[in-house]
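Dear colleague,

I am handing over the structure we spoke about, with the sequence alongside. Please open it first, and then read the notes below with it on your screen.

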Amino acid sequence: DPIQSEMWKLVHQFGLIDARRLYSIIRARLETIRRLKEALESGAKEVPEIHNVIARDTWLLDPRWDLLDHEVKVETLGVDYSPEQDESGQQIDFLFVLQPRPPATVDEVVVVEIKRGTNPNGSVRKATDKEVDKFASYVLTIHEYYSKSTNPPPVRGLMVAQDYTPNGNQKRKFYEQGTNPRMRFKTWTRVVDETERMHLGWLEVSRRRGVEPESNAEPAAD
């Protein structure tokens, strides 16, 4: 059937167009990851600058959170949160909640706290056991808030710091054993590395599908 044959040709053409668009997105993301990595390595781990980057591109924390771009005010969820400051008055942490943007169904809620990576003197700032406990209390409070819903969405938590004190490590391991709500405590290095690896794998899949543009130039992050 000539009509059906022509239809499948069009489907194939549109598929290639979409695949090439996706390939370009992956390359652009790898460049964003490279720039974030350079910023973190150079000591630019300040809050709220990093928060603004994460809020705009939530996939940097986890590529699977691409649709979670709607920040919810934590005060409306029963959380009493006051950002901590250093001796110079600079904010050292940021707490926010992500969920699908309306009219999408709220089928996942992610509580995120990001910590500054360096102290004013340039040394690595390590999250303490008290900070880990406090974050866990935020996640549990928000989990309790959503549990009152008719169809409560799963709530998960993620804290990102440059490092953790020995006691902080013990506490985070304890909380990571739980599953409801699920909590994870990562370093900035691990976040960037995992996200970069996932996108490089994604890029390789695109290459194998034969959608790489004619230019053989490698993405900056390779």
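In helix H3, the residues Glu131, Val132, Phe135, Ala136, Tyr138, Val139, Ile142, His143 and Tyr146 are buried, where buried means under 20% relative accessible area, exposed means over 50%, and partly exposed lies in between, for a 1.4 Å probe and protein chains only. These residues cover an arc of only 155 degrees around the axis, which puts them on the same side of H3; the arc is that of the directions from the helix axis to the C-beta atoms. H3 comprises 19 residues (residues 129–147), which at 1.5 Å a residue should span 27 Å, and its end C-alpha atoms are 27 Å apart, which agrees; the expected span is 1.5 Å times one less than the number of residues. Helices (H or I, at least four residues) and strands (E, at least two) are DSSP runs, numbered from the N terminus.

Before going further, please note that this is a predicted model, in which local features need pLDDT of at least 70 and side-chain atom pairs count only at pLDDT 80 or more, while totals for chains, interfaces and linings use all residues. Residues are numbered from 1 along each chain as its sequence is written, and side-chain values use heavy atoms, with hydrogens and water left out.

The structure holds 14 salt bridges, a salt bridge being a side-chain nitrogen of Lys or Arg within 4 Å of a carboxyl oxygen of Asp or Glu. In one of them, the side chains of Lys115 and Glu84 meet at 3.9 Å, N to O; Lys115 lies in strand E3 and Glu84 in the loop between strand E1 (70–72) and E2, so the pair ties together parts that are 31 residues apart in sequence. Lys115 counts as buried, at 1% relative accessibility, whereas Glu84, at 26%, counts as partly exposed. Glu131, from the buried set in H3, forms a salt bridge with Arg125 at 2.7 Å, N to O, and both of these residues are buried. Glu84, Asp93, Glu113, Lys115, Arg125 and Glu131 are linked in a network of salt bridges.

Turning to the nonpolar residues, the largest nonpolar core has 25 residues, of which Leu61, Val112 and Ile114 touch the most other members; such a core is a set of buried Ala, Val, Leu, Ile, Met, Phe, Trp, Tyr and Cys residues joined through side-chain atoms within 4.5 Å. Among the elements that give two or more residues to this core are helix H1 (2–41), strand E3 (109–115) and helix H5 (188–208), and H1 gives the most, with 6 residues. A second, separate core of 24 residues includes Leu95, Val111, Tyr175 and Met183.

Finally, the largest pocket is lined by 17 residues, of which Asp62, Arg64, Trp65, Arg156 and Lys186 lie nearest its centre. On a 1 Å grid over the protein atoms alone, a pocket is an open set of points where a 1.4 Å probe fits, with protein on both sides within 12 Å along at least five of seven lines, and lining residues have an atom within 4 Å of a point. H5 gives the most to this lining, with 4 residues. Arg156 is partly exposed, with a relative accessible area of 29%, and forms a salt bridge with Glu108, the closest N and O atoms being 3.2 Å apart.

With best wishes
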